Amino acid sequence: MSLRFEYMRIKFKKNIIKVLLLILLLFSLKYYTQSLPFKTTGNIDDISFDSEIKKLNKEILKIYSNNDKITYDDNIFRLYILNEDYNNALYYLNELKGLSVYKDLDYREIIGLSFELYSLSKLDNGHKTYKEKYQSIFNQKINCISEKSNTYLDQFFISDESKLKEDILRFIKTNIVDDHISLSNAIKLCRYYTSYIIAKKTNHIVFPLLKEVEQSLYDIKDSMIIKTKTGNEISLFYVLNKKAKQPLPTILNFTIYNRNNNSMAIAKEHADKGYHIVQAYSRGVYLSEDELLPFEFEKDDVNKIIDWIVEQPWSNGKVGMIGGSYNGFSQWAATKNLNPALKTIIPSASVGFGIDFPMENNVFNTYMIRWAENVTKGRYKKHDDSDPDKWKNLVNNYYTKGIQFNKLDSLNGNTNSIFQKWLMHPSFDTFWQSKIPYNRDFRKINIPILTFTGYFDDDQRGAMYYYHNHHKFNKKADHYLVIGPYDHAGAIGNIKDELRGYKIDSVADIDMDKLSFEWFDYILKGKKKPVFLKNKVNYQVMGTNEWKNASDIAHISNKKLKLFLDGKKLQKSIPDINYISQKIDFSDRSDTLKSFDRYKIIDSIIDNRVLKDKLLFTSETFNNAFEMNGSFTGNVKLSINKKDLDINIKLYELTADGKYFLLSSYLGRASYAKKNSKRQLLIPDKIETIPVSDTYFVSKKIEKGSKLMVILGVNKSPIEQINYGTGKDVSLETIADAKEPLEIKWYNDSYIEIPVKE
C-alpha cells in the first residue's frame, strides 16, 4: 500500500476503464506545432466566446487529420457537433463504435450516448419544445437497446456542468499565449466546450429520465445510516435487481474510501449477476459524522452490517465479501470475529495492517502521511491528491533537513493524529494484532477463501501473511490463491498489458471480476467450481505463457538453490570466512528523490537509486533453464559499529541479452528480523546473523544463459525512515545521530536460498 493512489472498491472490467478513458476523457493527441489565433475575455457564457470558439473549431476542421483511427473518430465527431453538423457527427460516432477494439463490450451500442442523443434531438425539426424532443429521442433509444446496456447508461452522463466550466477556465488561463493556441490544445479546448454545452443543455432533462430507467430495473436504497450498539454511524447503500427471484445471497463491500462516480454502476453490474449488493463505509466516511479512525473498528463494524443484512426480507442469510486493498483488509478483519452468515471472502491485494502498511518488516514508510491525509480530506467529498511534486518535496525536505520522522506531519503543515498513533507502535504488538487475525484467530476461519495478489503488488506481503497463517494454524484451511504478474492495481483487476517495462504473458490477462462471481456461484449457489481454479495454488510462470497449479506452496518448487555472497560472486560452495568492509555516511543527503517513478521490472540498466552504496553479487551462467517459484530466504552475517540497521536486498535475473529483470526484494529492520513483535538490538562489533524472510513471492522461468544477481545494502532513502543505529526509537532519531558513519563487515558465508523447480 505504498506510493500509489487507492483504486475503486470493486474494479470495473479493464475494458470499461479503457472505454471511459477513450470516450469521456482526453485522448493523448499527436503534437502539432501549428498555432491558431484565439482571443477571449474568459467569460465562457458570453455569446462572443461561443462565436470565437466556433470560429476556432471551423479552422481546426479544415486542417485536422490523424492516422490513428480511434483518436481521429473520437475527436472529429465532437468537432462536428460544435460545428452543428450533426449528421457528420453521428456518422463518425458510429464509425468509432464500429471499431474492433469495442467488439466484445456489453454496452457497445451506447458508447457516446450523451453526444448521440444531443445530435439526434438537434436534428428533430418538429414543433415540440426541445425538452419534448430530447425525451422522445431518449425513450426511442432506451426501447431499442439491450437490458445489459441499461446497466451502464449513467456512466455516459457523468459530465458535470460546473466542473467542465472550471476546467475550461483553467485551460484557457494556462494554454492561451499572446492570443494564440496550439492545434493540439485547440482540439482539447473544443472537446471541453462541446461537453460543456451538452451538459448545460441536457443534464437537467436527462438525469430524471436516467433515474426512471434505474428505478424500473433496480430497487436502490441510498444514503442509509446503521447505528452500532455504541451509537456510532455506518453509512451504506444497497442495490437489488427487481427481476431476480427473492431472496438472494448478498455481496458486501466495506471500504474507507468515499463514494465515487463508479460505485453505483459497479453495484448495478454486480446485481445483474444475481446477487444483492451492499456497499458500506467506515465510521466517519460518506454520511457518518463519527471520527475517522482507519483500521480501528472494521472487525466489529463489518459484522454489524452482516447482522443487519441477514435481517432484511430480501436476504437468504448468506453473505459473501469482495474488494481490494483496504477493502481486502476489511474482509480479513471481519473474520477475526467470524459471523455465521459470512460464507466466503474474496480479498485481493489485501493490506496487512502492521505487516506491509504503514510499515514493512517494521520499517515505516513516508506514504503513510500521504494516505492518512488523503482519506481524511476525502471522506465526504472528492480530494485531489494528484500532485506528485507536493509529496516529492515533502520527503526531500524531511531527508535533507534530517529531522525526526515523527515530525513529518508538522513538515506537511499540520499534526496528524493517525500518523502519530501508528508511530507509537514500531513493534508488531497488540495494537496491530488486535485489528487483524493473529495466530490462533486463524483456527476458527473455516470458510472457503479466494485470494488474489501479484508479484509486484505493494500489499503482497499482507496477502501472503493471511494466506500462510491461515494454513499454518488451520490444517483444514479451504483457501485458494491466484497470483500473477500484477502490481497493486492489477491484483484488484486493472491488469496492465505492460508493467514498468515488462510485457506480461497474454494468459496472465484474466478477468478477475468474472472469476470472482464464478466463485460466488460455486460457494453461495452450489454451482460448479470455476474451471480456472485447477488447484489450491494457481500461479502464472512469467516467460512461459502458462498458468500452473499445485495443492500448496510447498509443491510449486522441488529444491532450494543456496548461493553464498562471496566477494562479488554468488556461489554454491561454502566460501572461506572473510568479509567486505563498507562505510555508510548517513549525513550525505545528495541523493534526493527525483521522482516517484517505480523501478522498472525489466531494463537494460539498473536504476542508480538501487546501486547507491550497495554491494553487487553475480552468479555463474546457468546452463539449463529452471523456474524460480516462491519467496527467497537467507541469512545475512555481519558486524556493525552501531546497534541497528535496515537491510535492503534486491534479486535480479541478468539475461543473456543483457537485460535486468527484477525478481524479488526485501526491506527489513535487523533488530526485528528474528521477532517482529520484540526489538532485539545488535551488539556493536559482534558478528550477528540476521534471518531474511517475508520477501516478495515470484514465479518466473530463468532462461538458459542467464545469471542471478543480488544487490545488498543498507536502506537510506527519502521514502522510508532513516535508521541511524543508535538503538533509540527510529522515529526520534535525527541527522545529528549520523556523526559517526555506519561501519559494516558483510561476511561472505551470508547466503540466500531460492525455491526452484527443475
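Predicted model: local features only at pLDDT ≥ 70, side-chain atom pairs only at ≥ 80, totals over all residues.
Visitor: Is helix 6 parallel or oblique to helix 9?
Guide: Helices (H or I, at least four residues) and strands (E, at least two) are DSSP runs, numbered from the N terminus. Axes are lines fitted to C-alpha atoms, for helices over the stretch in contact, and angles run from 0 to 180 degrees between N-to-C directions. Helix 6 (residues 130-144) packs against helix 9 (residues 183-217) at about 40°, the axes being 10 Å apart. Angles under 35 degrees count as roughly parallel, over 145 as roughly antiparallel, 65 to 115 as roughly perpendicular and the rest as oblique, so helix 6 is oblique to helix 9.

Visitor: Is the crossing of helix 6 and helix 9 left-handed or right-handed?
Guide: A crossing is left-handed if the near helix is turned anticlockwise from the far one by less than a right angle, and right-handed if clockwise. Contact means heavy atoms within 4.5 Å, and in helix 6 the residues meeting helix 9 include Tyr134, Phe138 and Ile142. The way helix 6 passes helix 9 is right-handed.

Visitor: How does helix 8 compare: is it parallel or antiparallel to helix 9?
Guide: The axes of helix 8 (residues 161-175) and helix 9 come within 9 Å and cross at roughly 155°. That angle makes helix 8 roughly antiparallel to helix 9. Among the contact residues are Leu164, Ile168 and Phe171 of helix 8, with Leu189, Tyr192 and Tyr196 of helix 9. As for handedness, helix 8 passes helix 9 in a crossing that is left-handed.

Visitor: How many disulfides does the structure hold?
Guide: A disulfide is a pair of cysteine sulfur atoms within 2.5 Å. Buried means under 20% relative accessible area, exposed over 50%, partly exposed in between (1.4 Å probe, protein chains only). Cys144 is exposed because its relative accessibility is 65%, whereas Cys190 is buried at 0%. The number of disulfides is zero.

Visitor: What is omega for the cis peptide bond from Gln246 to Pro247?
Guide: Pro247 lies in the loop between strand 4 (233-241) and strand 5 (248-255). Another cis bond joins Phe357 and Pro358, with omega about 0°. For Gln246 to Pro247, omega is near -10°.

Visitor: Is Asn545 buried or partly exposed?
Guide: Asn545 sits in the loop between strand 15 (537-541) and strand 16 (546-550), and its phi is near 55°, a positive value in a residue other than glycine. Because its relative accessible area is 36%, Asn545 is partly exposed.

Key. Residues numbered from 1 in each chain as written. Heavy atoms only, no water.
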